[in-house]
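Subject: Structure handover

Hi,

Here is the structure for you to look over. My notes follow below it.

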Amino acid sequence: MPEPKFRSRDPQLATAKRHRRPTDRRRQDYRSKRRWFRGDDFTYDEATERLVCPAGQRLYRCGHDHITAQGYRATSYRAPKTACLTCELRDRCLQHPESGNPRQVRVFHGRVTETLTSRMKDKIDTPTGRQIYSRRLGIVEPVFGNLRAQKGMNRSTLRGRAKVDTQWKLYCLVHNLQKIARHGRPIR
Ligand code: SF4
């Protein structure tokens, strides 16, 4: 399975953003000006076991901790509706201030259950895993790109696993025949 965020966890690429072009950085600044308050803008008050928002209001806990589909334990908090309705920071805090809904925040406490994708990520994050996974970019991604862009395989036009499987294999067959036919010829 593709794991597009594997580079963001690679310690060797921790400082890679310093190579960003100025245009990218400008866009980043623009985005950061527009951003809303995130979870780390809220502080946890151990005495009351509540979150405190940038406006100083206490968010109360909603229900018990739950496990997300990705296997993370999370706690949900919600601000009192009356506090958000009159808050001066609501434009910076609520994505839809006109809706009248209060702010909700989820706090994550790390992964507690192992899933197939978490096992895959743990494997990719080893030095050997990184080396093997990076080969995927050179081996299989060009094939997907060719099938999509050159042969028009943007989606299956059939329904049902057997038919989709057959259609996919036909595209792969054509791709392989083309490779065999062009083998040894200079690339133009
Ligand atoms: S909108 Fe609500 S949660 Fe957000 S800062 Fe204001 S009072 Fe706090």
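How many of the 188 residues of the protein chain, as a percentage, count as buried? The share is 21%, where buried means under 20% relative accessible area with a 1.4 Å probe, protein chains only.

Some ground rules. This is a predicted model: local features need pLDDT of at least 70, side-chain atom pairs count only at pLDDT 80 or more, and totals for chains, interfaces and linings use all residues. Residues are numbered from 1 along each chain as its sequence is written, and side-chain values use heavy atoms, with hydrogens and water left out.

Now the fold. The protein chain holds 7 helices and 5 strands. These are DSSP runs, helices being H or I of at least four residues and strands E of at least two, numbered from the N terminus. Their order is α-β-β-β-β-α-α-β-α-α-α-α. The radius of gyration, over C-alpha atoms, is 24 Å, well over the 16 Å of the globule rule (2.2 Å times the number of residues to the power 0.38), so the chain is more spread out than a compact globule. Along its principal axes, the C-alpha trace spans about 70 × 45 × 40 Å.

Best wishes

Definitions and conventions. Buried < 20%, exposed > 50% of the residue type's maximum accessible area, 1.4 Å probe, protein only.
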